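Dear colleague,

I am handing over the structure we spoke about, and below it you will find an account of what turned up when I went through it. Please read the notes with the coordinates open beside you.

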Amino acid sequence: MKVLIIGSGIAGITFAEKLRKLSADTTITILTKEDEGFYSRPLLSLGFSDQDIEQSIIIKSFNELLNDNICVISGVEVTRINRNKQLVNIEGVDEIDSLQYDVLILAMGSAAFIPPPFQPYRDNFFLFNSLADLKQLRKFRQSILEKNSQPHWAIIGGGLIGCEIASDLALAGDQVRVYHAMDRLMERQLVEQDSTTLLKVLEASEIDVLLNQTVKGFEKKDHKMWVMSDINQTEYDGIIVSCGFKPRIELAIHAGLDTNRGIKTKQTLQTNDENIYALGDVAELPNGKLYAFIKPIRHQALWLANYLCKQESEPWLPPTFNPSAKVNNFQAAHPYLF
Ligand SMILES: Cc1cc2nc3c(=O)[nH]c(=O)nc-3n(C[C@H](O)[C@H](O)[C@H](O)COP(=O)(O)OP(=O)(O)OC[C@H]3O[C@@H](n4cnc5c(N)ncnc54)[C@H](O)[C@@H]3O)c2cc1C
């Protein structure tokens, strides 16, 4: 049997490794845009205060996976899924332009969400979603430090990742302001009392938090970036937009798979094509939920390998899990909402 996996994040890698343990003779191939190995995305949020992050964040090189007879074709993009011929088209390597599958696993993860009003200003802000983004930001930050000046940042979005980046930049010694559209931080995950505690913790780290802010756009003037809000215009060295995530569903849409916010699956993670399954940030379960956290994704991936090898017959059920923000000195008193 030929199993093709698109994506080398926690979903794709965990599934591939488990499948290999259960089945020695399955051909397992991972196709991925990444070329630096399998890395921990949660650790990205500590990428400014930890000087060695660029090395320590890599969990496994793609060569190590070859030892388990898992082939990784890295630095490539899957551009199309042909369901009739059961093959995918690939760009980025000279030797191959398509690959056949018996079972296809969609584990393409998610991109940073850019609110439509910000899209015309794309050149004026950074995103924070991948190791490539972190490297770009660290390089930019270093260039400011080399001018003997401590960077001044605007973070747009006071959700989980926005608060984590703000906390880490402040820990690294930078000046940070957070613009949040709502009247309290992390309103989707925290009860009101914990949002208030989080605000106090960020303020104690000298982070300036502005709530109820409508950011209208961004401008670049004299090597500085400007945030235009409904109240004023302020200059910064850099702006990071952190307004949530967007599952990568474009391939699935083109292939005629059922999609909504994510790729719709049954409780068995199977899409509306019997040979195609979805895992991780892209998978939307029948209850309409996406389980975009490490613990449930690992659980899904292990479960699916077992299921395909007939070691499991009950449908997938999410494990109990309690995400938490990696904000210095902050601990929520109540369980996170999910
Ligand atoms: C900054 C940050 C901090 C986080 N902190 C936490 C935390 O503390 N705890 C927690 O539980 N979760 C956290 N998360 C969320 C968690 O990291 C994600 O839910 C999880 O990593 C998603 O895994 P995935 O395998 O589904 O997707 P991803 O890790 O996004 O992997 C998808 C892969 O698919 C590749 N790909 C996509 N499209 C194609 C294509 N067409 N062709 C080839 N390759 C393709 C991508 O390049 C990528 O390598 C955090 C996320 C971020 C961004």
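Strand β7, which covers residues 87–91, is joined to β8 by three bridges, and the two strands run antiparallel. At one of the positions along this pair, L87 stands opposite Q100 in β8. Please bear in mind throughout that this is a predicted model.

The pair belongs to an open sheet of three strands, in the order β6-β7-β8, with antiparallel pairing. The edges of the sheet are β6 and β8 (98–100), each of which pairs on one side only. From one strand to the next, the twist averages 25°.

**The ligand and its surroundings**

In total, 35 residues surround the ligand, and the closest are G7, G9, R41, G109 and G280. Sorted by class, the shell comprises 17 nonpolar, ten polar and eight charged residues. As for the domains, the shell draws at least three residues from domain 1 (2–111 + 246–308) and at least three from domain 2 (114–241).

**The chain as a whole**

The chain has eight helices and 21 strands. How does its radius of gyration agree with that of a compact globule, and what are the two values? For 338 residues, a compact globule would have a radius of gyration near 20 Å, and the chain has 21 Å, so the two agree. Taken along the principal axes, the C-alpha atoms fill a box of roughly 60 × 45 × 35 Å. Of the 338 residues, 39% count as buried.

**One residue in detail**

I also looked at I58, which lies in strand β4 (residues 58–60). Is I58 buried, exposed or partly exposed? There are 15 other C-beta atoms within 10 Å of I58, and because a residue needs 20 or more to be buried and 12 or fewer to be exposed, I58 counts as partly exposed. Between I58 and T259 there are 201 residues in sequence, counted as their separation, and their C-alpha atoms are 32 Å apart in space.

With kind regards

Definitions and conventions
Residues numbered from 1 in each chain as written. Predicted model: local features only at pLDDT ≥ 70, side-chain atom pairs only at ≥ 80, totals over all residues. Near = placed C-beta within 6 Å. Nonpolar A, V, L, I, M, F, W, Y, C, P; charged D, E, K, R; others polar. Domains from an automatic or database assignment. Pairing = 2+ DSSP bridges. Helix = DSSP H or I, 4+ residues; strand = E, 2+ residues; numbered from the N terminus. Axes fitted to C-alpha atoms, helices over the stretch in contact; angles between N-to-C directions. Rg over C-alpha atoms; globule rule 2.2 N^0.38 Å.
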